[in-house]
Amino acid sequence: MTAELLLAAGKSFLFVFAALLPILNPAATAPIFLGLTEGASPKTRALLARRIARNMFALMVGSMLVGSYVLEFFGISLPIVRVGGGLIVAAAAWRLLNASHASDDRRTALAESFTPEQARRQAFYPLTFPISCGPGSIAAAITVGVALNDTRVSLSLARMGGGILALLAIGLLLYLAFRYAQQLLKPLGEAGSVIFLRLSAFILLCLGVQIVWDGLSELLRGLLV
C-alpha cells in the first residue's frame, strides 16, 4: 500500500513538473523581471524574488486544489479567465516594450524611489500575476488538479502531495532565476541586455495576444455550437 502511494506521488511529481515548468518558464520571465524592477537594489531584487516565488507557489497550489470549485462558484469560465488575463499580460508587455532606456541620472532616481515598501506592493501584481504566473499557468494548474483527483482518497492525497512538491521545486527554480537574473544577463553587456529585454517584452506581448485569442476562440466556438 505504501509503495503504491509513493509510486503515485512520484508519478504525479514528474507529471506536474513536466506540465507546468515549460508554461511558467522562469528563465524566460527573468529578463521581464529585470525590466520591471529597473532601479531596484540587489537587496530589493532578492526580496522580490523570494516574495514572487512564494506567491507563485501559493497561487498555483490554490489553483490546483480548489481553482475549479472557485470558478464554478462565481460562474466564471476558463475562456473568460484567459481573455482577462491575456489583456493584462499584453498591457504590461506593451508598457515594457515602449519604456525608454534609462540614463545614469534616471537610474539614480529610480534606485532612490524603488524602496522595499514599493517592492512589497508590486510583488503580487504585476510581478507574480500575470508576469510570472499568468492565466495560462492557472488554467493549466486547474486542469492538472482535476487530472490528479481519484476516487480513492488516499491515492488522491498522494497524487496531490506529489504535485505540491513539484510546484515547490518550480518555485525554487523561479527564485534562483530571478535572484541571479542580472548575473545571468551580464555576459551580454548593456546593449545586449537592452536588446534581449525588448525581445522578451515582444514575446510576452505576443503571448498575451495568444492567450486572448485562445479564450475568444473558445467563446466563439461555444456561440456557434
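Mentor: A quick definition before we zoom in: a helix here is a DSSP run of H or I with at least four residues, and helices are numbered from the N terminus. Keep in mind that this is a predicted model.

With that settled, let's take Ser137, which sits in helix H8, residues 135–148. Its relative accessible area is 5%, and the cut-off for buried is under 20%, so Ser137 counts as buried. What does Ser137 touch, leaving out residues up to four places away in sequence? The list is Leu20, Ile23, Leu24 and Met60. You can also see the chain coming back on itself here: Ala19 is 118 residues away from Ser137 in sequence, yet their C-alpha atoms are 9.7 Å apart in space.

Leu20 has its own contact list beyond four places in sequence: besides Ser137 and Met60, it touches Ala140, Ala141, Val144, Leu167 and Ile170. Leu20 and Met60, along with Phe178, have the most contacts inside the largest nonpolar core, a set of 36 residues. At least two core residues come from each of helix H1 (2–24), helix H2 (26–36), H3, helix H7 (127–132), H8, H9 and helix H10 (181–185). The top contributor is H3, with nine residues. As background, nonpolar side chains tend to be buried together in soluble globular proteins.

Now follow Met60 and Phe178 into a helix pair. Met60 is one of the H3 residues that meet H9, and Phe178 is one of those on the H9 side. As for geometry, H3 (residues 42–74) and H9 (residues 153–179) pack with their axes 9 Å apart, at an angle of about 155°. Anything over 145 degrees counts as roughly antiparallel, so that is how H3 runs relative to H9. Their crossing is right-handed.

One last stop is H2, where eight of the eleven residues are buried. Among them are Pro26, Thr29, Ile32 and Phe33.

Terms used
Residues are numbered from 1 along each chain as its sequence is written. This is a predicted model: local features need pLDDT of at least 70, side-chain atom pairs count only at pLDDT 80 or more; totals for chains, interfaces and linings use all residues. Side-chain values use heavy atoms; hydrogens and water are left out. Buried means under 20% relative accessible area, exposed over 50%, partly exposed in between (1.4 Å probe, protein chains only). Contact means heavy atoms within 4.5 Å. Axes are lines fitted to C-alpha atoms, for helices over the stretch in contact, and angles run from 0 to 180 degrees between N-to-C directions. Angles under 35 degrees count as roughly parallel, over 145 as roughly antiparallel, 65 to 115 as roughly perpendicular and the rest as oblique. A crossing is left-handed if the near helix is turned anticlockwise from the far one by less than a right angle, and right-handed if clockwise. A nonpolar core is a set of buried Ala, Val, Leu, Ile, Met, Phe, Trp, Tyr and Cys residues joined through side-chain atoms within 4.5 Å.
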